[in-house]
Amino acid sequence: MRRLLLDTHALLWWLVDDPALGRQARAAIADSANQIHVSAATIWELSIKRSKGLLQAPADLEALVLDEGFISLPISLFHAQQAGALPELHRDPFDRMLVAQAQAEGLELVTADAMIPQYGVRCLPARV
């Protein structure tokens with residue numbers, strides 16, 4: 001069993017069946033033996049982009065994520081502390097939160113972001 005955390009783009013690619021999501025990542029997400037986590041930070045980021053008109057997304061992202069059978073990952077005080085303590089390799093606060101959560105919870109991050117592996121977090125490439 002793998003415990004995966006979806007980066008924002010990986011979640012979007014999955015939800016709209018975008019071919020940008022690679023075969024290996026798609027198979028891992030589809031495998032019912034795996035636990036798929038979605039961070040509150042991801043929904044927060046998508047909601048901000050949706051409200052600014054930067055992307056089309058359903059209004060009730062929480063319901064959509066839960067309907068997929070994914071596990072909601074709240075942001076804890078520990079996650080926030082860890083994200084703030086990360087080195088400045090990545091400037092995006094949402095990505096820094098995902099890194100901190102993946103490290104704290106022992107999750108493998110599904111991402112196409114080339115900066116994230118520099119934190120030493122386990123990653124599954126989203127575009128292979």
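Modeller: In this predicted model, a residue counts as buried when its relative accessible area is under 20%.

Biologist: With that cut-off, what percentage of the residues of the protein chain count as buried?

Modeller: The count runs over the 128 residues of the protein chain, and the share of them that count as buried is 41%.

Biologist: What pattern of helices and strands does the protein chain follow along the sequence?

Modeller: The secondary structure of the chain comes to six helices and five strands. Read along the sequence, these elements follow the pattern β-α-α-β-α-α-β-α-α-β-β.

Biologist: How does the radius of gyration of the protein chain stand against the globule rule, and what is its value?

Modeller: The C-alpha atoms, taken along the principal axes, fill a box of roughly 35 × 35 × 25 Å. For 128 residues the globule rule gives 14 Å, and the chain comes close to that, so it is as compact as a globular protein of that length, with a radius of gyration of 14 Å.

Biologist: How many aromatic pairs does the structure hold, and what is the angle between the planes of Trp 14 and Phe 70?

Modeller: The structure holds two aromatic pairs. One of them is formed by Trp 14 and Phe 70, and this pair is tilted, with 6.4 Å centre to centre and an angle between the planes of 50°.

Biologist: Why does the pair of Trp 14 and Phe 70 tie together parts of the chain, and how many residues apart are they in sequence?

Modeller: Trp 14 lies in helix α1, whereas Phe 70 lies in the loop between α4 and β3, so the pair ties together parts of the chain. Trp 14 counts as buried at 18% relative accessibility, and Phe 70 counts as buried at 6%. The separation of the two parts in sequence is 56 residues.

Biologist: What kind of pair do the rings of Trp 44 and Phe 94 form?

Modeller: Trp 44 in helix α3 and Phe 94 in helix α6 link distant parts of the chain, 50 residues apart. The ring centres are 5.2 Å apart and the planes stand at 85°, so the pair is edge-to-face.

Biologist: Is Leu 86 buried or exposed, and which residues does it touch beyond four places in sequence?

Modeller: Leu 86 lies in the loop between α5 and α6, and at 11% relative accessibility it counts as buried. The C-alpha atoms of Leu 86 and Ala 100 are separated by 7.7 Å, although the two residues are 14 residues apart along the chain. Not counting residues up to four places away in sequence, Leu 86 touches Arg 96, Val 99, Ala 100, Gln 103 and Tyr 119.

Biologist: Where is Asp 17 found, and what is its phi?

Modeller: Asp 17 is found in the loop between α1 and α2, and it counts as exposed at 54% relative accessibility. Although Asp 17 is not a glycine, its phi is positive, at about 55°.

How values were computed: Residues numbered from 1 in each chain as written. Predicted model: local features only at pLDDT ≥ 70, side-chain atom pairs only at ≥ 80, totals over all residues. Heavy atoms only, no water. Helix = DSSP H or I, 4+ residues; strand = E, 2+ residues; numbered from the N terminus. Buried < 20%, exposed > 50% of the residue type's maximum accessible area, 1.4 Å probe, protein only. Contact = heavy atoms within 4.5 Å. Phe/Tyr/Trp six-rings, centres within 6.5 Å; stacked < 30°, edge-to-face > 60°. Rg over C-alpha atoms; globule rule 2.2 N^0.38 Å.
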